[in-house]
Amino acid sequence: MLLRKGISIYRYSCTRGLSSKSAILMSKQNDILNQIKHEVVESPASMAKESKMPSKPLELKTKPRKPSKKSAFKSDNKIESDPEFKMADWKQNLGQWIIKIFNIDMDRSRAGPVAGSQYFGECKRQGLYYPNEPLSPTARFFYETLKLPMSFSQHFQITLLHYWILSVRMRAMPFKYGRNFQQKLVDRIFRDMELRMADELNIKSNRIIENHLKDFHTQMLGAVLSYDEGLMTDDITLATALWRNVFNGNPDADMRHIEALVGYVRGQLYVLNKMTDREFGFGKFTFVSPEEVVKPITRKQEEELKRRAKEEFAKYTLPSQKSVLSLDE
Amino acid sequence: MSGGVRTEIIEKTLSLLKSLPKERIKHYASFKDVQLQKYSGDAIKNVSEKELELQYIALRDLVNDKYKNYYKLDDKLLKPKGNPQYYDRILSELKGEKKETFGSAMRTVLFGK
């Protein structure tokens with residue numbers, strides 16, 4: 001068992017509990033299956049990998065353009081590109097003094113570095129690929145296990161899905177902060193796409209880039225609406241939304257792959273649901289790998305997590321670490 | 001492998017697909033129609049009986065809201081305190097209840113909720 005971001009996540013490598021021998025008659029088998037309590041004991045990745053359904057990858061009208069070079073993951077700025085970067089002490093002290101004197105609302109200011117940088121990086125990382133470079137576990141899940149095409153627009157759909165997952169949590173923050181977080185995140189995603197289309201895909205015409213961005217924006221509005229509908233209604237509605245957007249409406253899409261993705265999305269939302277506003281607002285969330293299983297926690301475990309969070313945040317006493325975000329919900 | 005069991009699995013899958021609710025808005029592709037076409041035609045003739053069965057179970061798990069029930073969300077996310085009416089308004093619009101007025105739309109554009 002791993003204790004990751006306060007939520008118990010169990011790794012399982014066993015085969016799917018519901019898979020059964022074909023020798024059992026369907027009618028009898030259904031009686032047995034109906035008695036089994038729905039337990040998720042497999043990670044989305046292993047569930048999808050088990051499927052032997054022959055499926056053709058989607059035929060694309062045009063061959064996807066491969067990135068000709070690799071630009072900086074976030075930016076060239078040392079604050080974002082150098083994990084060891086530390087601001088000079090006098091600059092830090094001056095900053096703390098300014099925050100204190102002018103009573104700056106740090107929850108609002110934090111939207112830039114947290115949503116516009118850290119959560120943006122989280123969304124971008126999930127489906128990022130470069131030719132001849134190893135894929136991250138999540139990218140492997142999307143491109144190799146779910147057999148999605150490696151293209152810029154597919155990467156956008158994966159980024160968009162993760163943006164939506166985060167935006168569900170951002171909506172639950174106090175309105176003025178949540179809205180600001182969403183705005184910063186979406187602005188950064190589109191700015192990054194604009195830069196990458198020019199730098200990595202070598203699209204020279206600004207008009208073409210702008211048209212692509214408008215298309216992506218339209219796709220985003222449609223996808224967010226469909227995912228919201230799926231979140232509030234049922235799994236099959238969420239599954240059809242994922243099939244249309246992530247699986248590009250592929251008629252050959254594997255039902256077990258779609259199911260695995262629904263489990264992946266619901267698992268992420270569950271982790272976010274158990275995270276307090278303060279932890280989320282300070283950028284403590286990272287997406288759970290599709291190779292891990294999210295197990296629901298008990299009320300007692302939840303209380304324990306909140307207690308630990310309160311202990312941790314009690315140590316945050318600098319003016320820049322001030323926050324009005326809740327530690328109870 | 002008997003042909004009878006295979007036919008039974010396909011029939012069960014088809015009847016489950018037919019029971020899926022109609023989509024509230026028209027999309028570029030309908031999951032229900034595409035899958036009905038797939039399971040009614042030759043596209044699955046080379047698929048093993050066991051795999052068809054697992055596909056059926058996956059579909060049935062989705063229809064039975066396995067993940068929605070397993071990963072239960074609180075009102076914290078479903079009635080977001082920043083904008084408690086957000087999902088209700090979307091769903092009422094999708095259901096065609098036409099509660100939105102020009103005034104409420106303008107208020108959303110100007111104030112975000």
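These questions and answers go through a predicted model of chains A and B.

Me: How many residues of chain A are in contact with chain B?
Reply: The contact between the two chains can be counted from either side. Chain B contributes 58 residues. On the side of chain A, the number is 71.

Me: What area is buried between chain B and chain A?
Reply: The size of an interface is often given as the accessible area lost when the parts come together. Here carbon and sulfur atoms give 63% of that area. The area buried between chain B and chain A is about 6200 Å².

Me: Which residue of chain A meets Lys81(B) in a salt bridge?
Reply: Between chain B and chain A there are seven salt bridges. In the salt bridge of Lys81(B), the N to O distance is 2.7 Å. The partner of Lys81(B) is Asp277(A).

Me: How many residue pairs are in polar contact between chain B and chain A, and which element gives the largest share of the side of chain B that touches chain A?
Reply: With both residues at pLDDT 80 or more, the count is 27 residue pairs in polar contact. Elements giving two or more residues to the side of chain B that touches chain A include helix H1 (3–18), helix H2 (31–40) and helix H3 (49–63) of chain B. The largest share is 14 residues, and it comes from H3(B).

Me: How many residues on the side of chain B that touches chain A are nonpolar?
Reply: Sorted by class, this side has eight polar residues and 19 charged residues. The nonpolar residues number 31.

Me: Which residue's side chain is joined to that of Ser71(A) by a polar contact of 2.7 Å?
Reply: Ser71(A) sits in the loop between helix H2 (44–50) and helix H3 (78–81) of chain A. Leaving aside residues up to four places away in sequence, Ser71(A) touches Tyr130(A), Arg196(A) and Glu200(A). The side chain in the polar contact of 2.7 Å is that of Glu200(A).

Me: How far apart are the C-alpha centres of the domains of chain B?
Reply: Chain B is divided into domain 1 (3–70) and domain 2 (75–111). Between the C-alpha centres of these domains the distance is 33 Å.

Me: Where in chain B is confidence lowest?
Reply: Chain B averages a pLDDT of 88, and 98% of the residues score at least 70. Confidence is highest in H4(B), at a mean of 95. The lowest mean in chain B, 83, belongs to helix H7 (residues 102–111).

Me: Over which residues of chain A does pLDDT stay under 50?
Reply: Chain A averages a pLDDT of 87, with 88% of the residues scoring at least 70. For the stretch under 50, the model has 82 contacts beyond four places in sequence. That stretch is residues 1–37 of chain A.

Terms used. Residues are numbered from 1 along each chain as its sequence is written. Chains are lettered from A and ligands numbered from 1 in the order in which they are written. Side-chain values use heavy atoms; hydrogens and water are left out. Helices (H or I, at least four residues) and strands (E, at least two) are DSSP runs, numbered from the N terminus. A polar contact is a pair of N or O atoms within 3.5 Å; within protein, one must be able to donate a hydrogen and the other to accept it, and residues adjacent in sequence count only if both atoms are side-chain atoms. Contact means heavy atoms within 4.5 Å. Buried area is the accessible area (1.4 Å probe) that two parts lose on being put together, summed over both. A salt bridge is a side-chain nitrogen of Lys or Arg within 4 Å of a carboxyl oxygen of Asp or Glu. Ala, Val, Leu, Ile, Met, Phe, Trp, Tyr, Cys and Pro count as nonpolar, Asp, Glu, Lys and Arg as charged, and the others, Gly among them, as polar. Domain bounds come from an automatic or database domain assignment. pLDDT is the predictor's confidence in each residue, from 0 to 100.
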